[in-house]
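Subject: Structure handover, with notes on salt bridges and a helix pair

Dear colleague,

Could you read the notes with the model open beside them?

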Amino acid sequence: MYFDELNITDDLLDALDAMNFEICSPIQEQAIPKILEGNDLLGIAQTGTGKTAAYLLPVLDMLSHGNYPKDSVNCIIMSPTRELAQQIDQQVQGFGYYLDGVSSVAIYGGNDGMRFEQERKGLELGADIVIATPGRLISHLNGGHIDLKKTSFFILDEADRMLDMGFYDDIMKIASYLSDKRQTILFSATMPSNIQKLANNILNNPVEVKIAVSKPAEKIKQTAYICHEGMKDKIAEKVLSAPDLERVILFASSKLKVKELSRNLKMKGFNVGAMHSDLEQKEREDIMLDFKNKKISILIATDIVSRGIDIDDIQLVVNYDVPRDAEDYVHRIGRTARANREGEAVTLVTPRDFMHLKKIESLIEKEIDKPELPEGCGEKPDMTASADRKGRMQKRHKHSRKANGSKNPKAADSHNTTAKDSQSATSSDNSASGSRSKKRSYHHKKQQKIIKNN
Ligand code: AMP
């Protein structure tokens, strides 16, 4: 479906044309007409599907010609992270380029008092669209800087991520400030029970649209190097030394590991930047900018950047650690091979991670290649031997439980609990157009294209 088959204003079509958006993605095709009809919407779609335009285009269209109060915030968009909030704001600027008088402001936490004051003033001056992280919006609500009584649109982007970060109560509190007459749109990459609960509480008779979950792009070449923990640094160095690598993201599962890897790789002469939740807002922005401008070629990061980062030409994603959640794997490697480009993902897998690797393979319905280790990195451990050993260990545990006469399954499980606890201790990092001088006509250009093609 072409964008001009949607019932949206020419000013938006012109902006889309300037941004080279021609054909709707499936989520856009399904969601835009439903939102334009005024329905609440529950969208299950991940980053990379075009979900942002799926909600921004209809809302911008309605704001541009509806009779909305000039003196109030008409649309609130909630984002889990400041990075995503900034990206959404950029897309509002892009799509809204030719619209008269639709303004937006992004407000997000974790920065200095001056920024808060600027946000407060911005809110006082009034903005049609406010894009906010939950904690920051609550601060402004508490300070009485923003009034949501007349807000017509309430949008939650990456809602599952917000809940993972512990924002359920904040979202419910924000919803309590809003009028019941609002239109609510919730996008989530996954549909766990807490999202269902949130949807039941804040959506009114929603239309559901779903884009099949979590298959990485076909063009991603996926490799898993089976190795021991102590071999990882050497393998990572080999992988990162491949010629012509300009844009790589290396994911590690804790901020401590990110810092350590960044130090070590810098010492070895790699051009790296580290991205984690301990950084100040300004530092994060500078690193992202350097990465976008190719001043940094390797970004070492926690999962904080695995979703919502809008850089299209990542060549390689390295998973230094196997993500605990199979869907995080899909999100991580989804940073590469975007917009139909080629891309590569390399995952370092130790025997402890086999179970997680199996879960990932079952989610993506594909067996990941497990080649020999790069030259000079040693022999890869035998997966089958390790699986046999695990089986034997489990049998032994069972046997000794029987022999001890233990009927308390908790006692028998204490080993597992400890392992799980130590994992969660390391894996948490949650604190976490160009201007055109002349307006071209979209219809005119498309007609010319059709004539040319005929
Ligand atoms: P999103 O899933 O909203 O993060 O979008 C992923 C990327 O696809 C962004 O860079 C968008 O600008 C781009 N995009 C979204 N929809 C389209 C479309 N219909 N045509 C071309 N690019 C798109």
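A salt bridge here is a side-chain nitrogen of Lys or Arg within 4 Å of a carboxyl oxygen of Asp or Glu. Please bear in mind that this is a predicted model, in which local features need pLDDT of at least 70 and side-chain atom pairs count only at pLDDT 80 or more, while totals for chains, interfaces and linings use all residues. Residues are numbered from 1 along each chain as its sequence is written, and side-chain values use heavy atoms, with hydrogens and water left out.

By that criterion the structure holds 21 salt bridges. One of them joins the side chains of Glu229 and Lys232, at 3.5 Å from N to O. For burial, I use relative accessible area (buried under 20%, exposed over 50%, partly exposed in between, with a 1.4 Å probe and protein chains only). Glu229 is partly exposed at 44%, whereas Lys232, at 1%, is buried.

A second salt bridge pairs Asp278 with Lys259, at 2.8 Å from N to O. Asp278 sits in the loop between strand S10 (272–275) and helix H12 (281–292) and Lys259 in helix H11 (residues 255–267), so the pair ties together parts that are 19 residues apart in sequence. Helices (H or I, at least four residues) and strands (E, at least two) are DSSP runs, numbered from the N terminus. Asp278 is partly exposed, with a relative accessibility of 42%, and Lys259 is also partly exposed, at 28%.

Arg324 and Asp353 likewise meet through their side chains in a salt bridge, at 3.5 Å from N to O. Arg324 belongs to the loop between strand S12 (316–319) and helix H13 (326–333), and Asp353 to the loop between strand S13 (343–349) and helix H14 (354–364), so this pair ties together parts that are 29 residues apart in sequence. Arg324 is partly exposed at 30%, while Asp353 is buried at 4%.

As for the helix pair, the axes of H8 (residues 168–177) and H9 (residues 193–202), taken as lines fitted to C-alpha atoms over the stretch in contact, come within 11 Å and cross at roughly 10°. On a scale of 0 to 180 degrees between N-to-C directions, angles under 35 degrees count as roughly parallel, over 145 as roughly antiparallel, 65 to 115 as roughly perpendicular and the rest as oblique; H8 and H9 are therefore roughly parallel. Their contact (heavy atoms within 4.5 Å) involves Tyr168, Ile171, Met172 and Ala175 of H8 and Asn194, Lys197, Leu198, Asn201 and Ile202 of H9.

Best regards
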